[in-house]
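Here is a protein chain to explore by question and answer. Look it over first, then read on.

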Amino acid sequence: MAFLSCNPNVFVVGGDYQLVVMCEELGICTLCVGGEVFYDTVDGILKTQRCHKFVLPQSVLDEAKGYSLTFAPLIEKKSYWSTHGEEQTVSFSFRPIEKTEEIHAIYLADIHDMYDKALTPARYFGEELDLLIMNGDFGELNREEDFVRLLSFLGTVTRGEIPLIFGRGNHDTRGKMSENLTEYIGTEHGKTYFDFTVGPLSGFILDCGEDKPDAHEVYGGFNCFEVFRHQELCFLKSLKPAPRPYFFAICHVPFMYSGAMTGEFAIMPELYREWGRCVDALNPDFMICGHMHKHSRLVPNDERSLFPHGYPVAIASAWKSVEGETLPRLSFSAITWHKDETEISYIDEDASVIETFSYPTRRALR
Ligand SMILES: [Fe+2]
């Protein structure tokens with residue numbers, strides 16, 4: 001792993017994988033899967049940045065069950081006779097989701113830079129972990145090192161060997177490097193909202209952007225999320241998810257929940273109602289959210305909801321303050337897709353189970 005800053009990460013976007021590689025220095029990197037070479041290129045020019053991204057159909061990596069990365073450090077890029085150092089290659093195995101049930105995922109959100117606190121719960125399923133879901137508010141972005149820490153954490157959990165679904169939270173839009181986040185994660189042509197399929201799972205991930213109006217003084221006029229949310233509504237209106245046995249939605253902010261959309265956070269109520277109509281028409285088995293730092297569950301058409309929804313909502317990450325300690329105790333969720341229901345367990349920082357509940361698979365409605 002000499003040239004890598006951390007393990008690679010295999011992001012799921014649509015029906016593709018987007019493999020992100022963070023290197024220790026600038027250079028050329030190529031990916032080889034089953035004898036096929038993939039390039040990180042801008043219209044034929046190989047990129048020479050630290051971070052490289054490769055897009056490939058899931059079927060290619062699922063079949064090969066492994067990949068290798070070759071890196072050559074940049075010596076000098078010039079008009080003629082550019083030079084690079086000696087090539088190094090490193091290989092990883094990959095385990096696609098081939099199961100049809102008993103699929104295990106760990107759901108993390110609201111880590112807010114406290115990565116160490118998420119490692120024990122992330123290991124809840126041990127070697128049986130099939131998928132990592134990271135749903136926003138990992139931290140604010142002011143230095144390149146913030147991306148290295150993010151990718152390093154994700155790569156520690158996935159070891160570069162299993163897929164991961166990644167969504168943005170409101171805090172991840174903050175800081176002078178936040179406009180560069182999409183270079184380091186999987187996106188649909190730069191968009192942080194998209195649908196996905198992986199094994200027998202399909203779904204979509206939404207991004208509310210910031211939680212206060214664009215004109216709020218703390219943003220200083222640097223945001224235009226109101227336009228972004230309208231673009232996302234167009235995406236939702238045209239979304240035709242691939243049919244799979246299990247179908248779910250992910251969104252950092254529970255935009256239907258009166259507890260979230262209150263006071264200065266009660267933004268764009270009509271737009272979010274429209275989002276709600278679209279999501280309801282898609283009939284996910286459930287939506288999983290974060291943001292509140294408190295576990296909550298909304299039943300279908302919950303009395304605390306701002307508009308009707310036929311699917312349940314789990315707010316599945318939490319903080320708890322501990323007397324005498326500066327940092328809170330974090331909790332996340334372990335998810336298992338059984339044949340006809342999805343089981344979710346809230347798990348504490350020490351990986352002990354706090355509470356378990358299940359949602360029926362609503363495939364008859366789709
Ligand atoms: Fe948040």
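Q: Where is His112 found, between which strand and which helix?
A: This is a predicted model, where local features need pLDDT of at least 70, side-chain atom pairs count only at pLDDT 80 or more, and totals for chains, interfaces and linings use all residues. Residues are numbered from 1 along each chain as its sequence is written. Helices (H or I, at least four residues) and strands (E, at least two) are DSSP runs, numbered from the N terminus. His112 sits in the loop between strand S11 (103-108) and helix H2 (116-122).

Q: What is the phi of His112?
A: Most residues other than glycine have a negative phi. His112 is not a glycine, yet its phi is positive, at about 45 degrees.

Q: Why does Asp43 count as exposed?
A: A residue is buried if 20 or more other C-beta atoms, placed from the backbone, lie within 10 Å of its own, exposed if 12 or fewer, and partly exposed in between. Asp43 lies in the loop between strand S5 (41-42) and strand S6 (45-46). Asp43 counts as exposed because its C-beta neighbours inside 10 Å number 4.

Q: How many helices and strands does the chain have?
A: The C-alpha atoms fill a box of roughly 70 × 50 × 50 Å along the principal axes. The chain has five helices and 23 strands.

Q: Which domains does the assignment give?
A: Domain bounds come from an automatic or database domain assignment. The centres of the two, taken over C-alpha atoms, are separated by 28 Å. The assignment gives domain 1 (9-93) and domain 2 (103-365).

Q: Which strand gives the largest share of the side of domain 1 that touches domain 2?
A: Two residues are in contact if their C-beta atoms, placed from the backbone, lie within 7 Å. By this rule, 14 residues of domain 1 are in contact with 22 residues of domain 2. Strands S1 (9-13), S2 (16-22) and S10 (88-93) each supply at least two residues of that side of domain 1. The largest share, five residues, comes from S1.

Q: Which residues touch the most other members of the largest nonpolar core?
A: A nonpolar core is a set of buried Ala, Val, Leu, Ile, Met, Phe, Trp, Tyr and Cys residues joined through C-beta atoms within 7 Å. The largest one holds 95 residues. It draws at least three residues from each of domain 1 and domain 2. The residues touching the most other members are Tyr107 and Leu132.
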